[in-house]
Amino acid sequence: MTPRPGKAAVFEQFLADGISTMFGNPGTVEQGFLDALESVPDFDYVLALQETVAIGIADGFARAGARPALVQLHSGVGLGNGIGMLYQAKRGHSPLVVVAGESGVRYDAMDAQMAADLVAMARPVTKYATRVIDPSSVLRVLRRAVKMAMTPPRGPVFVALPMDVLDELTAEAAVPTVIPNRVVAPEARDIAEAVELLAAARNPLVLMGDGVSVSGAQEELTAVAELLDAPVYGVDNSELNMDPRHPLYRGNTGHMFGGDSARRLSDVDAVLIVGTYVFPEVFPALDNPFPEHAKIVHIDLDDYEIAKNHPVDIALVADPKPTLSYLATGLRNKGRARGEFELLPLPEVSADSPLMAVFAAEIAAHTGDDLIVFDEALTASPHLTAHLPRRLPGTYFATRGGSLGIGIPGAIGAKLARPDAPVIGFTGDGGSMYTIQALWTAARHNVAAKFVICDNHRYQLLDDNIDRYFAERDIGQHVHPRGFDLGHPEIGFVGLAESLGVPAMRVDKPEQAPAAVERMLAHDGPFLIDLVTG
């Protein structure tokens, strides 16, 4: 291989892996490889105005495209800006390949400006973090990073790229990264044991999460649930893992309080856990929430998550799709039959319906099954998902991990990954202000995603949670902290969006919804609705 600078060879490697887009915010210590990028044909640099936005766009791109997304951050300060969104990507298993420049290995002893241990900073919020220190291993390390990001359980990875290392010549060949095939199923005896346990249950329940989506096992999950006639709850469930209009689907267990999850388990005698961990609440139950007599089967490719918090009876480190298929066959052989299940009707809207419900129903009336929804509506989400349910895999993505600000950039990333599909991102007024500058990126690159800000002038989730806090501690209800209020001064989202290059309009009455939806969907480019929900 003809030697060439590492700063040029890195793009050969990315292209060999089918990666032709970089999301980032530039800095001085990255200027060498960003300058080299200008000479690379058919490689796009999507500019974000802050590192959190770059990671958020990449997260949406990786989730909607089911492929790795490349992010460039600026040294320690840029990595620091992106830590919160990287945490979200880690909790959600998004396959991000994050790189950041450094001034150079030669300066390690100088404690110079912006000097930081980038690997130590990145390690808590990534699946794998490393630093290249030899020019002959630049491409090898990048391949390792791509492999780690894409091998289930997927997750973000980080590579520090010192300038002086990238300036040196490397003769490494750029070859496609090998991604291990983890489509494995348990031994027949383990399947038989799980079938016996589940078939004997009188009151079974299914808990499922995003491992189902990664595996493409939605049909198999539904078949097993129908054979068991078991209700299905989502746990850490942020993608379309089961048709939400199926009568066996009961929504999510919750993300805040372990007691809420435990109540759903109080009378079960068998539980099938698929593609998730239990339980992900902010305040989880410390005691085992499963009834003492209940038998537990846990299927996941992530062996760390199985029995991490609570014991199980059968632990199957396996791919959900083939494993569920084998379970379904075994249940049929045991005499179980799938019942007839009709999809639940969409709820009706009336003059008394909340504006979010009216608006979502109007969108549903004007769009098809291919619409992609990126949901950070939070307290408005129940109305959104009830009236605008997505039914096809890959058409619904919800916030996960607890870091605000994913709604707008996530929708931009989803639209870039799936340009032929309509995309609408929903966020709250509070969440939007973490990453509102992402609108500028949508305008600059003419990303025709649409955005809806659910504007209730408050951090409403905090209002709801503190009411629970008061009740649990026998504290009398009183005025909520002033820090929960976002209405003084009121944020002018229409003017703000337009200043960033995105046309917008305000909707505060139900009768305005039809015209607003029609205008939003017809606009050839990004468009924002300020939906006043409170």
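**Before you start**

This is a predicted model: local features need pLDDT of at least 70, side-chain atom pairs count only at pLDDT 80 or more, and totals for chains, interfaces and linings use all residues. Residues are numbered from 1 along each chain as its sequence is written, and side-chain values use heavy atoms, with hydrogens and water left out.

**Stop 1: the sheet**

Show the strands. Helices (H or I, at least four residues) and strands (E, at least two) are DSSP runs, numbered from the N terminus. Six strands form an open sheet in the order 3-2-4-5-7-6, with parallel pairing. Two strands pair if DSSP finds at least two bridges between them.

Which strands stand at the edges? Select 44-47 for strand 3 and 128-131 for strand 6. Each has a single partner strand, so one side of each is left without a neighbour in the sheet. Neighbouring strands here are turned by 25° against each other on average, direction ignored. For such angles, axes are lines fitted to C-alpha atoms, for helices over the stretch in contact, and angles run from 0 to 180 degrees between N-to-C directions.

**Stop 2: strand 2**

Select residues 21-24, which are strand 2. How many bridges link strand 2 to strand 3? There are four, in the parallel sense. Met22 stands opposite Tyr45 of strand 3. Now look towards strand 4: the pairing with strand 2 is parallel, over three bridges. Phe23 stands opposite Val71 there.

Show the side chains. In a regular strand they alternate between the two faces of the sheet. Thr21 and Phe23 point one way, Met22 and Gly24 the other, and all are buried. Buried means under 20% relative accessible area, exposed over 50%, partly exposed in between (1.4 Å probe, protein chains only).

**Stop 3: the largest core**

Select Leu96, Phe158, Ile412, Leu439, Phe451 and Leu528. Of the 53 residues in the largest nonpolar core, these touch the most other members. A nonpolar core is a set of buried Ala, Val, Leu, Ile, Met, Phe, Trp, Tyr and Cys residues joined through side-chain atoms within 4.5 Å. Which element gives the largest share? Helix 3 does, with eight residues.

Zoom in on Leu96. Leaving aside neighbours within four places in sequence, its contacts (heavy atoms within 4.5 Å) include Ile55, Ala58, Ala89 and Val157. Another core lies apart, with 31 residues, among them Ala194 and Ala328.

**Stop 4**

Most residues other than glycine have a negative phi, and most peptide bonds are trans. Go to Ala66, in the loop between helix 3 and strand 4. Ala66 has a positive phi of about 50°. Its relative accessibility is 47%, so Ala66 counts as partly exposed.

Next, pick Asp111, in the loop between strand 5 and helix 5. Asp111 also has a positive phi of about 50°. Is Asp111 buried or exposed? At 66% relative accessibility, Asp111 counts as exposed.

Finish with two cis peptide bonds. One joins Pro152 and Pro153, and Pro153 lies in the loop between helix 6 and strand 7. The other joins His488 and Pro489.
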